[in-house]
Amino acid sequence: MINGHAEPQSNSWDQNAPRPAPFRLSPDWNGVRATGRFASYSKADTWYPSWGADGALYSPFTDGDVMGIRSWSVGVDATTGHATIHGDDPLDLKIDNIGVVAASPAPYGGRYPSASLMLDGTWYYGTYCLVETPDRGLNWDVLGPFVGFRTSTDGGQTWEEGPRTPTDTVFGESVTSGRPIRFGAPHFVDFGRNNEHAPGGYAYLVGHGSRTSSDQLSWISGDEIFLARTKPTVEGINEPDSWEFYAGLSGAEPQWSRDLDDAHPIASWPQHMGCVTVTYNAAAKKYLMCVTDGWPTIKEMDSYILESDSLFGPWKMVAYMENFGQQAYFLNFPSKFISEDGTRAWLSYSANFTDTYMYPVMKADPVGSRYSMCLLEIEFQRVEGHDSDRSA
């Protein structure tokens, strides 16, 4: 574990994007500021904590080691890892119950953790595939399909494999289908402890992809964000008929369809919407969307934070974080670490993997960024009187 405190004004990010963005500016939050508190844990990435009823966080990880347990997501012997995170103070967490599960990506090159949810004592753990493409440059990795879920009813001690495989996926997507992936690298919307704030008792899933083109789709780049929902059960989580896809609004009412072809994006910015997560900030009654934009090269990646009063949008720009990390990805706001008044939160991410993977030499910006589960406390900046009708 590494933790510390930098100068409170060391980093702040406003709403201004360096290129025209199709989002209005948030009328409530005009940027974010790092408080200076940070921590990092492990030498692995792909951390997406889900807050269980018992108060613990349950998260996947891969491509590194956690307390001597190693997971690697590429090749025929690929594995994906899982860990339980205990503690209420982000500066003093304990990671345990660590293990790995074999996860063959064949016929793809890599298989990675994504959608993870601990609900009513059952851990739903999803994986997706990537196509290794060395000719496209370092770690571009063309976006492959979401496979499906394994489940555990004993906190990750043992797992039941689901029936889905990389060639028989839960949503029927594949790279060879002739249609672009829509639900790439999907993640459950974080609705708080045991999914307590989820409307209608559903679990909601967001993923990035495109309706029109596969050319720009990688693990960190895409055109649009899509939404699906289900009422999870061990028996039904991998059944296509248990899922509904957001199909747009009819007036103010969301429409849902069981046909993936009807899926309509909740947000769109061609070539600039890569890996995505959404968290509900219950105190502020707002949804927070974190997106990383890896186009046209993952050597330099930008991230940004959007907010909305509705899961279906419209989404508004809170902060554009150019070269955040410097090279940060897999951003998410664990709901457990949002302040009671909703004005502060801890941003989880990983960073700086290009040069040397587990031992990066790239400058940390902000301080504390590294190849690990990084936690950075941020404060949402409330500035009155700015023009919310301007584009970002």
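Me: In β12, which residue is the bridge partner of Leu 119?
Reply: This is a predicted model, where local features need pLDDT of at least 70, side-chain atom pairs count only at pLDDT 80 or more, and totals for chains, interfaces and linings use all residues. Residues are numbered from 1 along each chain as its sequence is written, and side-chain values use heavy atoms, with hydrogens and water left out. Strands here are DSSP runs (E, at least two residues), numbered from the N terminus. β11 and β12 run antiparallel and are joined by eight bridges, and the β12 partner of Leu 119 is Thr 122.

Me: Which strands stand at the edges of the three-strand sheet, and why is one side of each without a neighbour?
Reply: The sheet is open, with antiparallel pairing and the order β11-β12-β13. Two strands pair if DSSP finds at least two bridges between them. Each edge strand has a single partner strand, so one side is left without a neighbour in the sheet; these strands are β11 and β13.

Me: Is Thr 230 buried or exposed?
Reply: Thr 230 is found in strand β16. Contact means heavy atoms within 4.5 Å; not counting residues up to four places away in sequence, Thr 230 touches Tyr 202, Ala 203, Ile 237, Ser 242 and Trp 243. With a relative accessible area of 1%, Thr 230 is buried.

Me: Which residue's backbone oxygen lies 2.8 Å from a polar atom of the Thr 230 side chain?
Reply: Trp 243 is 13 residues from Thr 230 along the chain, yet their C-alpha atoms are separated by 5.0 Å. The backbone oxygen 2.8 Å from the Thr 230 side chain belongs to Ser 242.

Me: Which side chain joins that of Ser 210 in a polar contact of 2.8 Å?
Reply: Ser 210 lies in the loop between β15 and β16 and is buried, at 0% relative accessible area. Its side chain reaches the backbone nitrogen of Thr 212 at 3.1 Å. A polar contact is a pair of N or O atoms within 3.5 Å; within protein, one must be able to donate a hydrogen and the other to accept it, and residues adjacent in sequence count only if both atoms are side-chain atoms. The side chain at 2.8 Å is that of Asp 223.

Me: How many of the six residues of β20 are buried?
Reply: Val 276, Val 278 and Tyr 280 are buried on one side, and Thr 277, Thr 279 and Asn 281 on the other. β20 is largely enclosed by the rest of the structure, because the buried count is six of the six.

Me: Which residue stands opposite Leu 25 in β23?
Reply: The five-strand open sheet has the order β3-β23-β22-β21-β20. β3 and β23 run parallel, joined by two bridges. Opposite Leu 25 stands Met 317.

Definitions and conventions:
Helix = DSSP H or I, 4+ residues; strand = E, 2+ residues; numbered from the N terminus. Buried < 20%, exposed > 50% of the residue type's maximum accessible area, 1.4 Å probe, protein only.
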